[in-house]
Number of protein chains: 2
Amino acid sequence: MNFRIRAAREEDCRDIQRMIMELAVYEKMADQMKISHEDLQRDGFGPNPFYRCLIAEVPKELKSDELYTTVGYVLYFYTYSTWKGRSVYMEDLYVMPEFRGKGVGKALMASVARVCVEQQCVRLQFSVLEWNKASLGFYLNKGAEDLTREEGWHLMRFHGAALEKLSHEAP
Amino acid sequence: MNFRIRAAREEDCRDIQRMIMELAVYEKMADQMKISHEDLQRDGFGPNPFYRCLIAEVPKELKSDELYTTVGYVLYFYTYSTWKGRSVYMEDLYVMPEFRGKGVGKALMASVARVCVEQQCVRLQFSVLEWNKASLGFYLNKGAEDLTREEGWHLMRFHGAALEKLSHEAP
């Protein structure tokens, strides 16, 4: 299939927001999704962007049933390992259902890996749900390590009232 | 104990590098630590810093046995949730052994939480090793959620040859 991967621009934020919502609906957690395209514009396209995004685009003649030509995205940001240095974290990778199985997801993933290598980032990290055996298998098959299983890393989070409370303990 | 928390400056990178190494030695993984103070200067103090750092400092009269006055650090960076927006990830939190139990670690942690709240970040995330029950208990007691146990998130990583190979698949 004819498609291309390119860096997202500010005017792509409506499409990115639509696809983030599609992914949330697919995961049956649409009510958790609180991001607007204005948020995405503000947070991704200022002087110190909080994230970066690549999108997959098809030519007009291949547009989706709902007339979209932007059919997938990968959203990532730079992180840092105090042992190894510059790293990348891939937050979301999504392809619209009707465009799956045509290499778009693999191309998005590979494009992030290329950004990593070009920016001298030594690690590409991401998280996968344990029950999502298809995804886990896909990544393991490509050589990813499962750090939770192999080393016992647990992902932890403060938010809401617990975060607020903690911040008040600051000297 | 008299101490203060402040943002790290470029000239603190030797102290930060020393403490990263102390932490690696404590974890019996000193051979994994490959970061120099020059790396830390380049990656943390350019126009688009890969990380941020706060340090804990004691007055000269309380200096360590090896004459250090910088006795702890917390290293973090901004991340992004496509459902909730701006977030912070805390990579390292360390206090020199002879200064532990005096509130320095709690003050560093609370200071990062305050940065979160000030920057409208809704989540503070970090990782803990499963066998480190003392740390896990400390964070859970303060209201943190264990996303690996509760939701099944596994932390995954590509690096080295697998990352290189993946990057060559990019279109």
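Predicted model: local features only at pLDDT ≥ 70, side-chain atom pairs only at ≥ 80, totals over all residues.
Two residues are said to be in contact when heavy atoms of theirs lie within 4.5 Å of each other. In soluble globular proteins, nonpolar side chains tend to be buried together.

The strands of this region can be followed next. An open sheet of 7 strands with mixed pairing runs in the order S1(A)-S2(A)-S3(A)-S4(A)-S5(A)-S7(B)-S6(A). At its edges stand S1 (4–7) and S6 (145–146) of chain A, and because each has a single partner strand, one side of each is left without a neighbour in the sheet. Strand S4 (residues 85–95) of chain A pairs with strand S5 (residues 123–129) of chain A in the parallel sense, over 3 bridges, and Ser87(A) stands opposite Arg123(A) in S5(A).

Helices lie across these strands. Helix H3 (residues 104–118) of chain A lies across S1, S2, S3, S4 and S5 of chain A together with S7 of chain B, and runs at about 165° to S4(A), whereas helix H6 (residues 160–168) of chain B lies across S5 of chain A together with S7 of chain B, at about 80° to S7(B).

Finally, the second largest pocket holds about 390 Å³ of space, and of its 21 lining residues, the closest to its centre are Arg52(A), Tyr78(A), Asn48(B), Pro49(B) and Phe50(B).

Notes. Residues numbered from 1 in each chain as written. Chains lettered and ligands numbered in written order. Heavy atoms only, no water. Pairing = 2+ DSSP bridges. Helix = DSSP H or I, 4+ residues; strand = E, 2+ residues; numbered from the N terminus. Axes fitted to C-alpha atoms, helices over the stretch in contact; angles between N-to-C directions. 1 Å grid on protein atoms, 1.4 Å probe; cavity = no way out; pocket = protein on both sides within 12 Å on 5 of 7 lines; lining within 4 Å. Points joined across faces, edges and corners; volume = space filled by probe spheres on them.
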